[in-house]
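Trainee: I would like to learn how to read a model like this one. Where do we start?

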Amino acid sequence: MRKPREGFTLVEMLVVMAILGVLMVAGVVFLAGLMRLEGMTSRSMTANMLIPRLLSQWRDDVHAATAMPGEHDGKKAGPDRLILQSGASIIVYTVGPEWVERTTTGPGPRQERYPLPATGSTARFERRGKLMAILLEDQIRDRMVPRCEALAAIGMALPAEGGQP
């Protein structure tokens, strides 16, 4: 009579390897999803922290404006571009895909870019009499949904109507 062998059969080993393979694939898919979610959350949190800073800087610039030129460096003011003059400096706010950029010329030229919170987010500028508005919107499915709106009184040296944008 033969002694039974100790160990595992080939079939048992193949079953264990198949189960481990399935678990590894599931783990990789889960980790990839977590990394993607972390990236989206990180971008959104960063943008949400920068939006108040953008709005505060924008309000300060609009309050201090002494003129609103309709054009600067061959680019016209409009819903996607706000041009302000404050003393010897020109401040240009430009809306791009998912960001707002602030560029100053004159003494101490500088450029700052503020990311918007989500893919499909946008901003635009509107003049409302003696007030200037910035509107931030997010694209949810197929429509734009307002995120926030900020108003600022334009510098007192400017006329109430007829300026850009």
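Mentor: With burial. Buried means under 20% relative accessible area, exposed means over 50%, and partly exposed lies in between (1.4 Å probe, protein chains only). At 14% relative accessibility, Glu 112 counts as buried.

Trainee: What kind of model is this, and how are residues and side chains handled?

Mentor: This is a predicted model: local features need pLDDT of at least 70, side-chain atom pairs count only at pLDDT 80 or more, and totals for chains, interfaces and linings use all residues. Residues are numbered from 1 along each chain as its sequence is written, and side-chain values use heavy atoms, with hydrogens and water left out.

Trainee: How do I read strands and their pairing?

Mentor: Strands of a sheet pair through backbone hydrogen bonds, either parallel or antiparallel. Helices (H or I, at least four residues) and strands (E, at least two) are DSSP runs, numbered from the N terminus. Two strands pair if DSSP finds at least two bridges between them. Here, four strands form an open sheet in the order β3-β4-β5-β6, with antiparallel pairing. β3 (81-86) and β6 (110-115) stand at the edges, each with a single partner strand, so one side of each has no neighbour in the sheet.

Trainee: By how much are neighbouring strands of this sheet turned against each other on average?

Mentor: By 15°, direction ignored. Axes are lines fitted to C-alpha atoms, for helices over the stretch in contact, and angles run from 0 to 180 degrees between N-to-C directions.

Trainee: Which residues face each other across this sheet?

Mentor: Go strand by strand. β3 and β4 (residues 89-96) pair over six bridges, and Ser 86 has Ser 89 in β4 as its bridge partner. β5 and β6 pair over six bridges, with Thr 104 opposite Arg 110 in β6.

Trainee: How many residues lie between the strands of each hairpin?

Mentor: The hairpin of β4 and β5 has two residues between its strands, and Glu 98 in the turn has a positive phi of about 70°. The hairpin of β5 and β6 has five, and Gly 106 takes a positive phi near 95°.

Trainee: Is β5 largely enclosed or left open?

Mentor: Five of the six residues of β5 (residues 99-104) are buried, so the strand is largely enclosed by the rest of the structure.

Trainee: Now the charged pairs. What is the rule?

Mentor: Side chains of opposite charge can pair when their charged atoms come close. A salt bridge is a side-chain nitrogen of Lys or Arg within 4 Å of a carboxyl oxygen of Asp or Glu. A search of the whole structure finds ten. One of them joins Arg 53 and Glu 112 (3.9 Å, N to O). Arg 53 sits in helix α1 and Glu 112 in strand β6, 59 residues apart. Arg 53 is partly exposed, at 48% relative accessible area.

Trainee: Which residue pairs with Arg 113 in a salt bridge?

Mentor: Glu 101, at 2.9 Å, N to O. This pair links strand β6 to strand β5, twelve residues apart. Arg 113 is partly exposed at 48%, whereas Glu 101 is buried at 12%. Another salt bridge joins Glu 126 and Arg 124 (2.4 Å, N to O). Glu 126 is partly exposed at 24% relative accessibility, as is Arg 124 at 28%. Salt bridges that share partners also join Arg 53, Asp 61, Arg 102, Arg 110 and Glu 112 into one network.

Trainee: What about the nonpolar core?

Mentor: A nonpolar core is a set of buried Ala, Val, Leu, Ile, Met, Phe, Trp, Tyr and Cys residues joined through side-chain atoms within 4.5 Å. The largest one has 24 residues; Trp 58, Val 62, Leu 82, Leu 84, Tyr 93, Phe 125 and Met 132 touch the most other members. The elements giving two or more residues are α1, β3, β4, β7 (122-128), β8 (131-140) and β9 (143-153). The largest share, six residues, comes from α1.

Trainee: How are β7, β8 and β9 arranged?

Mentor: They form an open sheet in the order β7-β8-β9, with antiparallel pairing. β7 and β9 are the edge strands. β8 and β9 pair over ten bridges, and Met 132 stands opposite Ala 152 in β9.
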